[in-house]
Amino acid sequence: MTNTRNAFPKGGRDWPDLQRDIRARCADDIDWQHGRTPLFVFRNDQETYEIGREAFFECFSENALGRKRAFFGIGSMEKEVLDFGLDLFSAPESGTGAFTSGGTESIFIAIKAAREAHRARNPSQRGDVLNLVVPITVHPAFDKAAEAMDLEMLRAPLRADKRVDPAEMKKLINDRTIAMVGSAPCFPHGVIDPIDELSAIALDAGIWLHVDACVGGWIAPFFTRIGRPTPHFDFRFEGVRSISADLHKFGFCPKPASTVFYRDAADLERATFKSNSWPNGPFETPTLVGTRPGGAVAGAWAVLNHLGIEGYEDAARRLAKMTDQYCEGICAIEGMELLAKPDLSIINYGSTEVDIFVVSENMMNRGWLSGLTREPKGMHAMMSLLHDGAREEFLKDLRECVDLARKSPNAEAKIQAKY
Ligand SMILES: Cc1ncc(COP(=O)(O)O)c(C=O)c1O
């Protein structure tokens, strides 16, 4: 067997040499700057991108873990970002939040808080397997949290409009349920679950409702504000106890940056990890990670202040127009249809005539990475304004790739839906 392990370098390479190497390594990446990946990257306009980047590097070395004892500037910017989120999501005065390094972390600590609240109310259940009641479309970050915290996942099916069926959620609740979850929107189909109905069920059953607004949370309220029929999903519904919302997705802020909000400050306490067992004394964080990039906080603070309400409304307008144009273009191709009516700019579409996975393979051969859903079989795109300029070329290629698939009806796709 050949040894493929790289030896620890001798050192001494200068920056121009390293930069050349980095660029060469990334040369074959998908052309994401021109909208050829429907995943992983987000962009508003060039100016917002540059402001986020500049602010990030302004505080490149600062550690947000030290925001209370050393890096007071990071602390003040973090507080402002959290205040803006509480305002955006209609949190009551008692509301509070934490700045985290991603959606998975925001979800993990909100679920931990829900578990602690359940344990406090049900001390006799200590050691029992507790559960989460979720839609089948919920993000795997919940499975990750459930696996780490030994929780069971009870999954409810969807209605025809691809939103979770609240009656099915209700049926799954039992005395071991620590929380229900709704997505705003769900990743697979881009639609917002009926949070108003889930909230009523949660209040009635006395159960925590977490809203996972990781992917669209920071932009969805602006879609509503500009008059799109995008439903509300936030603390205005009394049963909503926590919300996760990523800044590094449709907040257009540099990675890694997410937020988690609680209706009540006592729930932040429940989420907080506390230890007093080592020689250096008490240690606590409201996050899962310890060290956090100061640049992410400065970047988010700068982008939010740069865009403000007007900037996000403008982005929502441009995203909405672009999404409509993509949807119209896709539906104008014979045999193609939307699998759900998108609430934001995440679209899921399929075909009544050809194997959509074959179409997707054909598109990949032309340099378009596509997301796929397996149930129902469809192509999937999470579109930011990186995709605006690529629309005509994409739709032309899609039309040709559908034609190609129609000409070879026996073709079998080798690809499978895989994130
Ligand atoms: C709905 C939803 N929740 C959670 C996450 C997880 O976020 P992250 O990848 O930042 O951990 C994602 C990521 O796409 C998502 O779409």
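## Second largest pocket

In this predicted model, the second largest pocket has a volume of about 730 Å³. Its lining is made up of 26 residues, among which L65, R67, K68, E284 and P286 come closest to the centre of the pocket. Two or more lining residues come from each of helix 3 (72-88), strand 1 (96-100), helix 9 (265-271) and strand 9 (283-285), and helix 3 gives the most, with 6 residues.

By class, the lining of the second largest pocket holds 9 nonpolar, 9 polar and 8 charged residues.

## Largest pocket

At least two lining residues are supplied by each of helix 4 (103-121), strand 12 (371-374) and strand 13, with strand 12 giving the most, 4 residues.

Both domain 1 (52-305) and domain 2 (309-407) contribute at least three residues to the lining of the largest pocket, which by class comprises 19 nonpolar, 10 polar and 10 charged residues.

## Cavity

The count of cavities of 30 Å³ or more comes to 1, and the largest cavity has a volume of about 160 Å³. Of the 18 residues that line the largest cavity, P38, Y349, L369, A381 and F394 lie nearest its centre. Strand 11 (346-351) and strand 13 (377-382) are the elements that give two or more residues to this lining, and strand 13 gives the most, with 3 residues.

The lining of the largest cavity divides into 11 nonpolar, 6 polar and 1 charged residues.

How values were computed. Residues numbered from 1 in each chain as written. Predicted model: local features only at pLDDT ≥ 70, side-chain atom pairs only at ≥ 80, totals over all residues. Heavy atoms only, no water. 1 Å grid on protein atoms, 1.4 Å probe; cavity = no way out; pocket = protein on both sides within 12 Å on 5 of 7 lines; lining within 4 Å. Points joined across faces, edges and corners; volume = space filled by probe spheres on them. Nonpolar A, V, L, I, M, F, W, Y, C, P; charged D, E, K, R; others polar. Domains from an automatic or database assignment.
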